Structure formats: structure tokens, C-alpha cells
Amino acid sequence: MTQQVLNAIFIGSIYALFAVGYTLVFGVLDVLNLAHSAVFMLGAVITYSLVVLHGLPFLPAAIIAVLVCGLLGLLIEFVALRPLRRRNAPPISALISTIGLALIFVAIVEQATPGTLFSWLWQDGANSVRFPSGTVPNPTYHLGGLTIEGTKLGILIISVVLMLVLGYVIRFTQVGRALRAVAENRRAATLLGINVDRIFASTLFLSSALGGLAGILFGLAISDISPYIGRDQVELKGLAVIVLGGMGSIPGAVLGGYLLGLIEVLAFVRFGSNVEAGVAFAALFLVLVLRPQGLFGARLRERL
Amino acid sequence: MDFFIELFTNPVGFYNQHELLIAQIGINAILAIAIFVTFYSGQLTLANAGFMAIGAYTTVIMSLYLPTPLPVNMLVGALLAGLVSVIVGLPVLRLRGVFLAIATIGFVEALRLGVILNVPITGEGQGLHNPTADPLGGIVPILISLPILAYLVWRLTKTRLGQAWSAIREDELAASSNGINVPLYKMIAFIVSAVLAGYAGALETHINFFVDPTEYGITRTIQILTFAVVGGTTNVFGPIVGAVFLTALPEIVRQFAAYRDVVNGVILILVIIFRPQGIVGRGGLAIIRPRWWIRWRARERPAAAH
């Protein structure tokens, strides 16, 4: 059982890392960025490609991939979000245009086989691959009957540290204050001399970089990299997480991520893997219906 | 190009060769009508793939275990989808905008992963073999249903009910202060949409030999949404045009068939940015109206008034 809780914490930290980026965009721009899961997938795919196809060591490959994902965030902003904002389109339009980008990203990877246009990025089509063993050292620790894998421990530490750093940046730095001001009231922020467009662009960069990193960690730990990991593994679960925690709330997303990890592991232990898959959506549905402000209430909500 | 040449020079041969495509176009058009009804009442609900699943599974399970004739099974499937929509709609329709969209996606996936994959009678992950499948005969009811349903929904939008939906879409608060029972009319739209989607699901089992749970997930939902957005939701013909266009497109440009999702994504983004009212929106069928045309029209009008 303790081992299961450990697994919950570990998968929860990947959910949390993914959901923090998701919720950040919702909190600041008021749009749901459904291309976030495609960026998550591309984070894993780009790292894999740099390591396996281009022979880079893992660490530089991961750093490049995170930066590329950040740039993809800018692409999302400039292609799918900014033109709509210029026109004062309803927020639903942005949801649809980001779906369009997600379709494109997934299809490009899915169709990439040797000899095609994107074979430099991906060569395995719709198949699932994994990093070659030994890409990252993975010592196993035994601690009083518990088995802890080094990579999973590393992932836990990396995500917790990153989320703390993010929390610090948003609460105590100038950029963070500007970000919260824009989230609170776009118009007032403009009047105070904040460059709102620049804040939006940096939000997308930050959010997508985090999403890409979550993808890399997922690919490393779950050993499953395919064009569909974003769509099938985290897109809707990420939604469940940010709904659990209250949409737009970063502490909520972190708590929601760990909570979902825990719920899933408990459902798995108690009812088996078939129920585990549906439990996130049942939770999502129930929370939206019974408590749309999120489990932790409005108090966390305003604290981006 | 061959596609069009054949369509006009040899319609019978074209029909025989593309029967399955035509059937799929018909089903997608009915699905597009289904999502149009909720769009028309101002709600973005993404539950249609779930209602489709209910219609499809009910039809096939009844065909497998009951002696009832197929049309009855299909009707029961559609009505059961409507019944479930009442149960789902009561709590969910209180939500608005993005939250409504998320909750309905949650319903679709909870139904698929939580119920269909766990109840033995649905064949769980294996899916169900459909004993009554008849790919060629199945086209007939589709081609008959589509114009009838399109006409009915088009008439519906012209009635008081349709006007109430328009009013809610334009301004919910104003509608309710004018005495329109907003929750009731939203619910009616949701039920009509669910029955249509359930019926489309039932029709589809008729041309497929197999009911497969992976068919009724988020991908399907997004596909249906794309029809409505690209076609436009000003009137019922927009989503139908969207469905026909996007379903036939991979066949028309075969060389891009593998990249159909890239093409779909690009079209979706272009439409939402440059023509938010869809292909068939206010302003007629024109996809692009060049600036000189608009200027010319503007100059022409006062002259005509003299």
C-alpha cells in the first residue's frame, strides 16, 4: 500500500506539472489552451528524436526540447490566440483554434515515417517507443521494503522544485506581479503601463515549456512515447486536475494533480485498471456539477 | 479532379464506387445537425459522441438479444439517448461556456471508459459484432433521414421554440427577463440534439459490421465540432455543408489523405480567424469577399436608390 501511495505521488507530480501550465494560461488569458497536450507530446518526441536520431546526450536534448516547446507556446499565442483577441472573439473561439493547432501537431508526428517530410523529427509513425535503456542512469534504492527508482525520485524532486520556483516568481517578482495584475483585470493593467501582449506571450512560453518538460518526464518514467500520449494520457486528465483545484488556480492545480494521482491509484488497487481509466472523468463531472469553483474553494482561486 | 469529373459524367458509377463515403457523409451531416441545435441555443456541448454511443450500442444489443425489428431498435436507441440526456442535462446545463464544454467531455469519457468498458453486455473493450449490418442497404435510411431531419430542424428554428433559442443565444439575461424559461429551452435543445446524435449512432451501426468503443471518444467529438464551426451555425445548412465538405475532402485531394488532420486543423484555424460565421454564414456562400467587391457594392447601392 505504501508503495502504491508512492506511485500516486510520483504520477501526481507529472499531472501537477502539466496542469500548472494549463491553468496558468486559463488564469491569465481566460482561454482553455487545448494545444497544451500536443506540446506535452512534442516535448517527449523532440527529446527522443534528439537523443536517438541525432545522437545528443539526454540533458542537452531535454533542455533544447523544453526551449522549443516554449517557442511553440509563442506560436500558439501568435497564430491561434492573438488574432482572435484583436477581434474580441468569444473565449470559445480560442478553444476551437487551439484544437486546430493540436490536430496539426499530432498529425505531423503521426504521419512521420522514414522518408517523409518530417522524418528528421520522428520516424515511428503512430507507434509507441521508449528511450534506449541507459539514457539516464536509474539506480534503484531499497528503503524498508519500498522500492524507489532513481528516475522517479528525480522526477518528483524536479517537479516540486519547479513548482516552488514558479510560485516564487509569481508571488514575489516584478514579472509575477504584472502577471497577476493582468489576470485580475486586463484593462486596469494596461492603464498601469503593463504591456499586456508581452505578458500573454511570456505566459504561453512559460506554460508550454512546463508542459513540454512534463512530457519529457512522462516519456522517461512511463516509457511510452507516441503521437497520442498527450491526447490520451493527459489532455482530459489535466482538465480534471484543474477543475478539481479550481480553474486558474496554481496551488489548486498542484494539489489537484496529487489528488488525482491518489484517486487513480486507489481506484486501481480497489477496482482494477478498467475503473481507473474512468475515475478521472467521473471526478471531473462530479466536481463541475457539485462544486464548480473547485474542491479547495474560492480562497485559492484568486491566488494565481 | 477525377472525383468531380466522375460525379458529373457518371453519377451512377460514382454512387456505386463511393457508397460508403456517401453513407459516412450522410451520418456526419446528421451529427452536424445534432450539434447545430445546441449551438443555435448558444451552448457549446460536446456530449454528442456519448449519445451516439448510446444509440449505437442500444440498437446492436437489441438486435442481438431481442426479436424486435431493426427500425424499432434504432428508434429505441435514439429515445434512450434522449432519456439519458435529461439525466445528464439537469445538472450540467447550469454551467456555461468553457465549463459546459469540459463537463460534457467528462460525460463522454466517463461513459466510454467507465461504463462501456466495464459492462459485459457491451463487449467491453472488444466491441460488438453487429448481426444486422448491411453496408449497401444501410445507405437508404440515411439518405432518406437526412433531408427530412434537416427540414424538420430548419422549420423548428422558425417556430417560437427556435426564436427562444436565438434569444437565449444572443443574451441569456435579456431572454429570461422577457419571460423565456431559459433552463427549459436549453434542456429541449439538449434533448433534441441527443436524440439526433443517438439516431445517427444507430444508423451508423447499420453500415458498419462492428461497434467499437474507441469510435466514441474525444476524437469523434472534436470532429463533430469541426463540422459545425467550419460550416457555420447561422442556419442548419451550415453544419451540413461543413460535414459534407470535410468528409469528402480527403477523397477529393487523395495526395493529402494521410495529412487530413493537418488540413482539417489549418481549415479550422483559418475559418475561426477569418470567417468566424463559417462557410455558410451571414453574407451567403462567399468564402472570400475581396475588398474591391465590397467597395463596389457600397457605391452601387445609393445609385440604385435613385
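Predicted model: local features only at pLDDT ≥ 70, side-chain atom pairs only at ≥ 80, totals over all residues.
## The core

Let's start with the largest nonpolar core, which has 191 residues. Three of its members touch the most others: Ala240(A), Ala32(B) and Ile33(B). As for where the core gets its residues, helix α1 of chain A, covering residues 2-29, gives the most, with 16.

Take a look around Ala32(B). Setting aside residues up to four places away in sequence, Ala32(B) touches Ile224(B), Phe227(B), Ala228(B) and Gly231(B), plus Pro239(B), Ile240(B), Gly242(B) and Ala243(B).

## Two loop residues with positive phi

Now for a couple of backbone details in chain A. Asp30(A) sits in the loop between α1 and α2 (36-53). Its phi is near 65°, which is a positive value in a residue other than glycine. Asp30(A) is partly exposed, because 16 other C-beta atoms lie within 10 Å, and that count falls between the 12 or fewer of an exposed residue and the 20 or more of a buried one.

Further along, Asn88(A) is in the loop between α3 (58-86) and α4 (91-110). Here too phi is positive in a residue other than glycine, near 60°. Asn88(A) has 7 C-beta neighbours inside 10 Å, so this residue counts as exposed.

## Helix α4

Is α4(A) mostly buried or exposed? Of its 20 residues, 18 are buried, so α4(A) is largely enclosed by the rest of the structure.

How values were computed:
Residues numbered from 1 in each chain as written. Chains lettered and ligands numbered in written order. Core = buried A, V, L, I, M, F, W, Y, C linked by C-beta atoms within 7 Å. Helix = DSSP H or I, 4+ residues; strand = E, 2+ residues; numbered from the N terminus. Contact = placed C-beta atoms within 7 Å.
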